[in-house]
Every structure is written in C-alpha cells, then in structure tokens.
Amino acid sequence: MVQLDSRPKAAGPAAGADAKDGVRSKGLNSNSVGLLGNSVIGVSTVAPVYCLTTTLGTTVAAVGLQMPALFLAGFLPMMLVAFAYRELNKAVPDSGTSFTWTVKAFGPHVGWMCGWGLVVATIIVLSNLAGVATEYFYLLLGEVTGSEWITGLNDDKLVHVLTCLALIAVATAISYRGMTATKGVQYALVGLQLSVLGLFAVMAIAKAVTGDAPGALDFSWTWLDPFQASSFKSFVAGLSLSLFMYWGWDACLSANEETGGSEKTPGRAALLAMAVLVGSYLFTAVAVQMYAGVGDTGTGLGNPETSSNVFAALAGPVMGPTLGILLFVAVLASAAASLQTTFIPVSRTVLAMSVYEALPPSFTEVNEKYRTPGRAIVTAGVGTGVFYTVMTLISEHVLADTIAALTLMICFYYSLTAFACAWYFRRDFTRSVRDALLKVVFPLLGGLTLAGIFGQSLRDMVDPAYGQGSSVFGIGSVFVIGVGVLALGLLVMAVMTRRSPAFFRGEVLTRETPALVLPE
C-alpha cells in the first residue's frame with residue numbers, strides 16, 4: 001500500500017494538487033473506464049430489478065394506480081440534481097463529488113456533513129443489498145432443486161448472516177481489484193437483469209391483453225398523472241419511495257478520476273444511466289399494473305403477500321416455472337451487482353475526505369497494484385458486515401426502519417449538492433441562457449424539491465405508525481434513527497475538528513476558490 005502525502009506545503013499548491021482549482025490527485029487508476037462502462041456502473045449501483053421488486057407493492061400501497069406516475073415524478077428532481085452533478089464535475093472533477101463541491105461552495109462544516117450523509121446512506125443500503133442477495137440466493141437454489149428445505153435456510157438467522165458476510169466479502173474483494181475488474185463483472189450482470197426485466201414486462205403485458213391474468217387492468221393515461229394521488233401525504237410517501245429507486249446513479253461521478261475524459265464523460269454517463277432507469281421503471285410499472293392490478297387478493301399488488309416481494313410472487317404466474325427462474329436470477333444478479341459497485345462512491349468519498357484531511361490520514365492509502373483506495377474499501381466492507389449482523393440480531397424491524405430512514409440521508413446530501421451548484425456558479429447566471437438554466441435554475445429547483453421532501457418526511461416519520469410501527473418515547477423509530485444518524489455525524493465532526501483543525505479552518509480545500517469557467 002502507498003500512502004499519499006496530503007499535507008499542504010508552505011508555498012504553492014498542495015502536494016498532488018491541480019493548481020488551477022485546488023484539487024488534489026489521489027493516485028487512482030485514470031482512464032480505466034469509458035462512457036459505456038461508467039453508465040453501466042451507474043445503472044448497476046441503483047440495482048433496478050432489486051428496487052422494483054421491493055418498491056412496486058409499497059408504492060401501490062401509498063398511491064394506488066398512480067404508482068407509474070410517482071416513478072416519473074421521482075425522476076424529475078433526480079434529473080435536475082443530475083444536471084448539478086454534471087456541471088460541478090466539469091469544473092471540479094474530483095472523486096469526493098458532493099463532499100468536495102459543498103466544501104468549496106459552503107465551507108468545511110457543511111461539506112463534511114454532506115460527505116457523512118453519503119457515507120452512512122451507502123453503508124445502510126449495502127447491508128440491505130446483501131440481505132436481498134442472500135434471500136434470492138436461497139430462493140433460486142430452492143426453485144432449481146425443488147427443495148423447500150434449501151429455501152428455508154434463508155430463515156435460519158445464523159445461515160442467513162454467514163451467507164451475507166460471504167457475499168459482502170466477495171463484493172469487497174472485486175471492488176478492491178479496481179475499476180477494470182468491476183467493469184467486466186458489471187457488463188454481464190447489468191445486461192442479464194435488464195434483458196430478463198424486459199422479457200418479464202413484455203410477457204406480463206401480453207397476458208394482460210389476452211385475458212390470461214385474473215386481475216388484469218386496461219392501460220389508462222391517468223396512471224401517469226401524479227396529481228391524482230389521494231392526498232399530499234400519500235404523494236410524498238410515494239415520492240420518497242421513488243427517490244430511493246433512483247438513488248445511486250451518482251456512482252458515475254465518484255469514478256470521475258478513473259474515467260477517460262473526466263470533465264465530461266461521467267456527467268454524460270449519469271444522464272444516460274438515468275434515461276435507462278426511468279424507461280425501465282415506467283415500462284415495468286405499467287406492465288405489472290396491467291397484469292396484476294392493485295387488488296388485495298391473489299396476485300394483486302395490494303395483497304401484502306405480493307407487495308412484499310413482487311417478482312417472487314409473479315415470476316411463476318407471468319413467465320411459467322422454467323422461465324420464472326430467470327427472474328430469480330435477475331434479482332440476485334441485480335442485488336449482487338449493486339453490492340459490488342456501491343463500494344465505489346463510499347470508498348472514493350472517504351478517500352477524498354482523508355486526502356483533504358477531513359478524516360484520518362490512514363484512509364489515503366491506495367493499493368500499489370490495483371490503484372484503488374484499499375483501506376477505505378475494506379473498512380466499508382467490514383462496517384457493512386458489522387452493521388448488518390448487529391441490526392439483524394437486534395431486530396429485523398429495526399433494520400427495516402433503518403432502511404426507511406434512508407430517504408432523509410438521500411435528500412440531505414443530494415439537496416446540498418444541488419444548492420452548492422447554484423451557489424458555486426452564481427456569477428455565471430447572466431453569462432448565457434444555458435448557464436442560467438443548467439447551472440443555477442435547474443439545480444436550485446431540484447434542491448428545493450428534495451429539501452421539501454426532507455422536511456415533509458421528517459414530519460411524517462415522527463408518527464410511530466411510520467415504517468414498522470415502533471417508537472422510542474412516543475416518537476417514531478424511523479425518525480429517531482434518521483435524525484440520530486445525522487446527529488452522530490455532528491459528533492464525529494466535532495472529534496475531527498480537534499484532530500484536523502486546518503481543514504475545518506478552511507485552509508486545505510478553500511471555499512474562496514473561484515468557479516472554473518470552461519469553454520463551450
């Protein structure tokens with residue numbers, strides 16, 4: 001392992017820094033991935049098939065037939081924020097992404113908390129991905145062998161946890177070997193899951209149209225109208241679920257220092273990934289709703305036995321016993337692929353925070369052979385394994401509430417990044433119509449939307465009925481977990497302030513660095 005010297009010199013730019021913008025080199029493997037590979041990483045991190053099977057039913061429970069409309073509504077603020085990421089990446093292509101950009105816009109304290117939000121959200125979702133991958137691993141084995149005993153192994157807590165830890169270890173090892181290894185695995189896994197998802201949707205629509213589905217509904221354009229949701233509260237609940245389904249595309253930007261054409265390619269990859277995701281989600285949502293309907297019996301999406309795991313319930317009825325196995329494979333591939341690529345944003349963010357002295361210097365270690373942030377990747381893997389084990393042993397309800405609290409972390413760091421873009425480029429507002437819209441107006445709208453969802457979610461989460469229905473001193477557990485995790489960040493930041501005073505005095509990554517105006 002090599003450790004970068006991130007200490008600023010007495011004169012001139014910092015060691016390894018880009019003199020024109022104060023950005024430090026981190027020793028990563030540059031030009032190891034291109035536009036297609038980066039786009040695939042973005043799609044993989046979101047894990048579309050995994051997201052759909054866990055969110056289709058719960059979104060129907062919130063908004064009924066407007067489920068496809070909410071998937072579209074959730075795409076809009078994410079697209080606006082994606083413009084912010086693209087413009088900031090053009091000016092400051094740094095693997096620290098949200099952390100680096102918010103530090104430069106709003107100073108070290110806000111930037112540190114933004115980085116914290118990204119890191120803890122990623123650790124939480126990594127643990128859930130491992131759990132889903134484990135569940136589908138045993139479901140698949142049970143389907144192939146016809147053994148209920150093998151399927152039931154997932155319910156054995158010890159077996160389940162040990163399998164999760166093994167999957168986390170494999171994903172950590174692949175991520176440790178660098179972007180080239182990651183890219184090769186992802187081409188296969190993403191191609192598989194999108195192909196199977198497309199086949200499933202086509203077969204579902206065909207059976208709905210021919211009358212082979214007992215709960216079938218005729219397609220209606222009103223399904224795409226979000227304003228027909230029954231109430232504002234249900235609309236926000238559905239939108240929160242939709243946001244979770246898009247979260248993770250920013251992994252494209254976290255790999256910017258390892259991507260050819262780092263100033264433009266990652267931003268284009270993020271937009272391409274978003275286009276693939278919204279198309280897949282809308283097509284599948286409409287297909288499933290046409291086939292199953294929203295009733296609370298049989299295969300209806302309102303039936304709790306269906307909504308908790310839609311693809312597990314519909315694989316056989318839609319695709320038959322043989323092809324249905326492919327859908328189990330697709331969900332497993334989706335969760336496993338995302339489990340691996342989700343290490344990218346958390347490890348690169350931790351690396352950047354350490355390089356800029358916002359975290360202990362040990363995390364600046366980069367593997368000499370693979371040129372990856374080895375210490376950060378291994379630490380993230382260990383943290384994920386410990387978190388999942390502890391939460392599972394305490395209570396599966398607590399684990400579920402922790403995942404429900406993800407909305408707060410997602411809205412927190414995405415909205416801060418969007419606001420950072422609008423502020424960072426404020427002097428470009430009058431430069432051209434393009435700059436005004438893409439650098440200021442669109443990011444500001446996206447940030448305000450996510451901030452509004454953050455506030456409304458806080459209000460809703462106070463209710464003990466939110467999530468699994470548990471409470472702490474009469475306050476909803478989801479609220480306590482979400483706010484508690486962010487408050488823990490304040491405590492850790494206070495410790496780091498004493499250990500790294502230069503960063504928090506604004507001497508390492510300066511907020512005064514002017515925005516870099518690039519030629520069109």
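Me: In which handedness does helix 5 pass helix 15?
Reply: Handedness is right if the near helix is turned clockwise from the far one by less than a right angle, and left if anticlockwise. In this predicted model, helix 5 passes helix 15 in a right-handed crossing. Helices here are DSSP runs (H or I, at least four residues), numbered from the N terminus.

Me: At what angle do helix 5 and helix 15 cross, and how far apart are their axes?
Reply: Two packed helices are described by the angle between their axes and the distance between the axes. Axes are lines fitted to C-alpha atoms over the stretch in contact, with angles from 0 to 180 degrees between N-to-C directions. The axes of helix 5 and helix 15 cross at roughly 65° and come within 9 Å. Helix 5 and helix 15 are therefore roughly perpendicular (65 to 115 degrees). Ile123, Ile124, Leu126, Ser127 and Gly131 of helix 5 meet Ala380, Gly383, Thr384, Phe387 and Tyr388 of helix 15, with contact meaning heavy atoms within 4.5 Å. That's six nonpolar, four polar and no charged residues. Nonpolar covers Ala, Val, Leu, Ile, Met, Phe, Trp, Tyr, Cys and Pro, charged is Asp, Glu, Lys and Arg, and the others, Gly among them, are polar.

Me: And what is the angle between helix 3 and helix 11?
Reply: About 175°, with the axes of helix 3 (residues 67–91) and helix 11 (residues 265–292) 10 Å apart. That makes the two roughly antiparallel (over 145 degrees). Among the residues in contact are Phe71 and Phe75 of helix 3, and Leu271 and Tyr281 of helix 11. By class, the contact has 17 nonpolar, three polar and one charged residues.

Me: How much space lies in the second largest pocket?
Reply: On a 1 Å grid over the protein atoms alone, a pocket is an open set with protein on both sides within 12 Å along at least five of seven lines, a cavity is where a 1.4 Å probe fits but cannot get out, and lining residues have an atom within 4 Å of a point. This pocket holds about 500 Å³, the space filled by probe spheres set on the points. Of its 20 lining residues, Trp116, Val119, Val120, Ile123 and Val350 are closest to the centre. Helix 5 gives the most, six residues. The lining has 18 nonpolar, two polar and no charged residues.

Me: How many residues line the largest cavity?
Reply: The lining has 17, with Thr45, Val125, Trp247, Gly248 and Thr342 nearest the centre. The space is about 110 Å³, and helix 5 again gives the most, four residues.

Terms used:
Residues are numbered from 1 along each chain as its sequence is written. This is a predicted model: local features need pLDDT of at least 70, side-chain atom pairs count only at pLDDT 80 or more; totals for chains, interfaces and linings use all residues. Side-chain values use heavy atoms; hydrogens and water are left out. Angles under 35 degrees count as roughly parallel, over 145 as roughly antiparallel, 65 to 115 as roughly perpendicular and the rest as oblique.
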